[in-house]
Amino acid sequence: MILTQPGEIRELLARSKTIAMVGASRDPLRPSYTVFSFVRTGGLFSIAPINPKLEEIDGIRAYPSLAEYARANGAPDIVDVFRNPASVLPVVDESIAVGAKAIWFQYGVINDEAIARADAAGLDVVVDRCIKVEIARSNGGLATAGLNSGIITSRRAGVR
Amino acid sequence: MNDRTFGFATRAIHAGTPPDPVTGSRAAPIYQSSAFVFGSTEEAAELFALRGYGHIYSRISNPTVASFEERMASLEGGLGAVAFSSGLAAQLAVVLALARNGDHILCSQNVYGGTVTQFSITLERMGIAVTFVPSSDANAMRAALRPETKLLFVETIGNPAGSIADLDTLAEFAHQNGFPLVVDNTFASPYCCRPIEFGADIVVASATKFICGHGTTVGGVVVDAGRFDYGTARFPLLSEPSRGYHGKVFTETFGEYAFLMRLRAEILRDVGAQLGAHDAWLLLQGLETLPLRMERHVANARAVGQHLEAHPDVEWVRHPGLPSHPDAALAARYLPRGAGSVFTFGIRGGRDAGRRFIDALELWSHLANVGDAKSLVIHPASTTHSQLSDEEMLAAGVAPETIRLSVGLEDREDLIWDIDQALVRARSGNGVRR
């Protein structure tokens with residue numbers, strides 16, 4: 001199912017615990033590192049890089065493939081994709097093969113065939129959104145930066 | 001959780017202010033603290049590298065100010081907001097975020113005199129050129145274009161002549177030429193007009209006016225729609241590595257948030273024109289009643305305007321909400337809930353009669369502000385627009401006999417009574433109070 005509503009995305013994050021990041025980088029200037037570091041230090045999710053060229057990022061072991069990740073950790077709840085849109089079909093196939101529950105295409109990672117294939121295989125699909133922004137929308141992070149979280153509530157407890 | 005889209009009045013009260021998670025405080029707490037303790041050295045490093053969310057120092061962000069910013073973003077329909085110490089600081093920050101020495105901006109000539117001065121004198125000194133254009137004249141706009149033009153700046157309701165910006169057309173013009181439309185929405189407030197719904201990319205406002213509503217607080221705000229693509233060669237300040245952040249490219253790292261992040265993390269950080277927590281709190285209180293106040297402002301202003309139009313001592317009335325205004329059709333389109341409550345009229349007898357009229361008023365306050373619960377009056381030619389040349393003044397719609405009113409929330413019969421008695425005294429030359 002393709003998730004577009006903020007509530008749907010919030011619920012996906014609320015029921016997820018593990019994230020495998022395809023295309024994670026150690027370069028602090030890369031957006032993928034920004035997101036990786038944010039998720040790792042946030043403590044809400046267990047995140048691991050998928051990158052055959054890396055041993056680890058910030059002490060977190062990197063796996064050469066989703067299959068290797070799944071062998072060690074089980075299927076990830078979310079596969080977060082930082083790749084050229086033209087080269088994401090194999091990532092979708094691998095995600096389906098390992099039994100990932102959701103696939104998340106970051107800003108600009110838009111490939112209609114990949115989206116349709118993941119959707120048809122029963123994965124939850126998020127497209128052209130940043131997982132960092134959506135986590136921060138739920139946990140109050142966006143609000144600290146004067147950003148419009150869209151959250152209106154008179155309940156005292158946090159959303160998550 | 002459902003995804004209900006809450007209405008304007010609900011968001012004016014609730015957006016940005018869920019109950020305080022620590023204390024349960026229902027009113028927004030005033031976080032009167034200069035700085036905020038880090039949870040760990042790692043968290044501190046993440047915040048300084050712009051990877052984490054949280055407060056460091058109140059020059060950059062503050063929880064009470066953030067509540068005000070989020071509420072403004074919600075009301076204007078934007079992605080986010082950054083508050084500033086004044087409206088002029090807010091609009092200067094927008095220019096600094098997009099333009100540098102050698103660049104050029106386009107500005108409508110129907111804008112506040114302080115904006116003309118800021119752009120034409122202070123910006124010019126910094127090497128940023130400005131061309132003032134009649135924004136309704138497409139040929140003049142096209143003739144003023146340059147390859148280094150970075151933005152088009154207009155006011156929703158021009159100060160003081162009440163000209164209405166044709167936002168759809170101006171947004172299309174700006175986008176076709178590769179730069180954003182920046183709209184000063186001070187005189188309309190988001191209750192009367194939300195420029196982002198008509199294609200504007202950035203909204204700025206003096207929060208001192210209708211947003212505050214009570215004449216207590218000077219503040220400004222920038223709301224960004226997050227729709228304009230700054231990842232082009234025209235905007236190297238956003239699309240090329242930033243020296244201020246170790247080579248980070250804002251458009252690449254922050255996507256649609258690039259402008260807002262640079263506005264806060266580089267411009268607000270370096271300029272230091274932040275809004276204070278207590279001031280933000282006063283503005284939050286004001287916003288809770290914005291819809292109610294604007295309804296009354298609009299109704300009172302229409303009644304006063306109609307009364308003046310029928311008065312024999314009045315030469316003319318320029319109220320964009322009245323059919324006699326040249327931009328009445330544009331007002332009906334962009335401001336269906338009313339054209340605010342600031343407008344001008346010309347008194348018979350010119351400058352001297354105007355002076356006598358203002359001196360004879362009992363209830364209207366003679367001061368340089370608008371958008372207060374109290375009714376206000378001023379003579380622009382000798383005050384707000386006095387730094388302008390005669391030519392600039394006429395271009396901005398200010399004649400020697402022009403009197404500007406900001407109609408407040410008092411009983412309209414009392415406002416009209418005061419105007420009538422002052423007009424009588426202005427005519428008789430007996431205007432000076434004992």
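Biologist: How many Å separate the centres of domain 1 of chain B and domain 2 of chain B, taken over C-alpha atoms?

Modeller: The model is predicted, and local features need pLDDT of at least 70, side-chain atom pairs count only at pLDDT 80 or more, while totals for chains, interfaces and linings use all residues. Residues are numbered from 1 along each chain as its sequence is written, and chains are lettered from A and ligands numbered from 1 in the order in which they are written.

Chain B is divided into domain 1 (8-286) and domain 2 (290-428), with bounds that come from an automatic or database domain assignment. Taken over C-alpha atoms, the centres of these two domains of chain B are 29 Å apart. Domain 1 of chain B gives 32 residues to the contact between them, and domain 2 of chain B gives 38 residues; two residues are in contact if their C-beta atoms, placed from the backbone, lie within 7 Å. On the side of domain 1 that touches domain 2, the elements giving two or more residues are α1, α5 (113-125) and α8 (189-192) of chain B. Helices (H or I, at least four residues) and strands (E, at least two) are DSSP runs, numbered from the N terminus. By class, that side of domain 1 of chain B has 17 nonpolar, 13 polar and 2 charged residues. Here Ala, Val, Leu, Ile, Met, Phe, Trp, Tyr, Cys and Pro count as nonpolar, Asp, Glu, Lys and Arg as charged, and the others, Gly among them, as polar.

The largest nonpolar core has 178 residues, and Ile103(A), Ala93(B) and Val222(B) touch the most other members. A nonpolar core is a set of buried Ala, Val, Leu, Ile, Met, Phe, Trp, Tyr and Cys residues joined through C-beta atoms within 7 Å. A residue is buried if 20 or more other C-beta atoms lie within 10 Å of its own, exposed if 12 or fewer, and partly exposed in between, with C-beta atoms placed from the backbone. Helix α4 (residues 87-98) of chain B supplies the largest share of this core, 10 residues. Because domain 1 (8-286) and domain 2 (290-428) of chain B both give residues to the core, it lies between them. Leaving aside neighbours within four places in sequence, Ala93(B) is in contact with Phe84(B), Val222(B), Leu263(B), Ile267(B), Leu268(B), Val271(B) and Ala273(B).

The strands concerned are β6 (residues 202-206) and β7 (residues 220-224) of chain B, which pair in the antiparallel sense over 5 bridges. Two strands pair if DSSP finds at least two bridges between them. Seven strands form this open sheet, with mixed pairing and the order β1-β7-β6-β5-β4-β2-β3 (chain B). At its edges stand β1 and β3 (129-133) of chain B, each with a single partner strand, so one side of each has no neighbour in the sheet. From one strand to the next the twist averages 20 degrees. Axes are lines fitted to C-alpha atoms, for helices over the stretch in contact, and angles run from 0 to 180 degrees between N-to-C directions.

Helices lie across this sheet. Helix α11 (residues 258-271) of chain B lies across β1 and β7 of chain B and runs at about 25 degrees to β1(B). Helix α7 (residues 167-176) of chain B lies across β4 (149-155) and β5 (181-184) of chain B, at about 145 degrees to β5(B). The loop between β4 and α7 of chain B holds Pro160(B). The peptide bond from Asn159(B) to Pro160(B) is cis, with omega near 5 degrees.

Another open sheet in chain B has 5 strands in the order β8-β9-β12-β11-β10, with mixed pairing. Its edge strands are β8 (314-318) and β10 (365-366) of chain B, each pairing on one side only. Within it, β9 (residues 342-347) and β12 (residues 402-406) of chain B pair in the antiparallel sense over 5 bridges, and the bridge partner of Phe345(B) in β12(B) is Ile403(B). Helix α15 (residues 350-360) of chain B lies across β9, β10, β11 (376-378) and β12 of chain B, running at about 125 degrees to β9(B).

Two loop residues have backbone angles to note. Leu50(B), which is not a glycine, has a positive phi of about 60 degrees. Leu50(B) sits in the loop between α2 and α3 of chain B and counts as partly exposed, with 19 C-beta neighbours inside 10 Å. His246(B), also not a glycine, has a positive phi of about 55 degrees. His246(B) is in the loop between α9 (236-239) and α10 of chain B and is exposed, with 10 other C-beta atoms within 10 Å.
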